[in-house]
Amino acid sequence: MAACSSARIGCGATKHCTPYLDDLSSITKANPSGTVRVGNGKQLRVAAVGNVHLQVSTVTTMRQGNRTRKHKGKETLILTNVLVVPQLACRLFSSSWGWTHDGIGTHLNDAQHLTLPSGATVTFKPMTRASRHFKIDTVCTTSDELTSDDSDLLHAALGHASMTRIRLARIGGG
């Protein structure tokens with residue numbers, strides 16, 4: 001069992017990345033040739049490629065006539081083609097790859113959630129002034145049996161304007 005700690009949602013990232021080989025539930029390429037270019041222009045070596053399983057708390061909205069019901073649950077979602085880059089400082093969820101290959105939508109507007117292929121949503125925890133990140137409780141697993149180890153999937157909120165953040169900026173000046 002590899003317990004995830006923080007992973008940032010990257011809107012500009014083209015692939016999911018992790019510095020930890022233990023995060024992978026399966027390895028699809030053991031010794032790939034390739035590098036990842038990071039923000040400062042440096043090229044970092046990719047050590048492996050594989051899939052990561054995440055268990056997340058979800059909310060499913062059901063409508064029956066004029067009534068709306070919300071059901072809380074848990075789902076395991078699979079992130080594909082995750083690059084293991086040992087020199088990275090944090091885990092990175094690619095909004096682009098998540099949408100085009102894993103069927104996971106990232107909503108950075110006032111909704112502030114992920115939409116999973118099943119239609120269920122994973123709501124970001126409220127951003128705090130201290131962390132400036134949205135958080136989602138997750139568990140990474142390398143087997144079908146999940147433990148109760150909880151950790152955070154972080155969303156780096158910088159640069160994503162929503163009405164909530166605009167109101168916060170007007171009130172707090174930040």
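Is aspartate 23 buried or exposed, and what is its relative accessible area? Aspartate 23 is buried, at 3% relative accessible area (buried is under 20%, exposed over 50% and partly exposed in between, with a 1.4 Å probe and protein chains only). The model is predicted: local features need pLDDT of at least 70 and side-chain atom pairs pLDDT 80 or more, while totals for chains, interfaces and linings use all residues. Residues are numbered from 1 along each chain as its sequence is written, and side-chain values use heavy atoms, without hydrogens and water.

**View 1. Aspartate 23 in the loop between strand 2 (17-18) and strand 3 (26-29).** Strands are DSSP runs of E with at least two residues, helices runs of H or I with at least four, both numbered from the N terminus.

**View 2. Threonine 35 in strand 4.** Threonine 35 is partly exposed, at 49% relative accessibility. Its side chain makes a polar contact of 2.4 Å with that of glutamine 43. Beyond neighbours within four places in sequence, threonine 35 is in contact with Gln43, Leu44, Arg45 and Val46 (heavy atoms within 4.5 Å).

**View 3. The largest nonpolar core, of 18 residues.** Such a core is a set of buried Ala, Val, Leu, Ile, Met, Phe, Trp, Tyr and Cys residues joined through side-chain atoms within 4.5 Å. Leu77, Leu79, Ile104 and Leu114 have the most contacts inside the core. Strand 6 (48-64) and strand 7 (67-84) are the elements that give two or more residues to this core. Apart from it lies another core, of eight residues, including Leu44, Val49, Leu83 and Val85.

**View 4. Surroundings of isoleucine 104.** Not counting residues up to four places away in sequence, isoleucine 104 touches Leu77, Leu79, Phe93, Ser95, Gly98, Trp99, Leu114, Thr115, Leu116 and Pro117.

**View 5. The whole protein chain.** The chain has two helices and 13 strands. Of its 174 residues, 40% count as buried. Among contacts with a separation of 6 or more, 59% are between residues 24 or more positions apart.

Conventions. A polar contact is a pair of N or O atoms within 3.5 Å; within protein, one must be able to donate a hydrogen and the other to accept it, and residues adjacent in sequence count only if both atoms are side-chain atoms.
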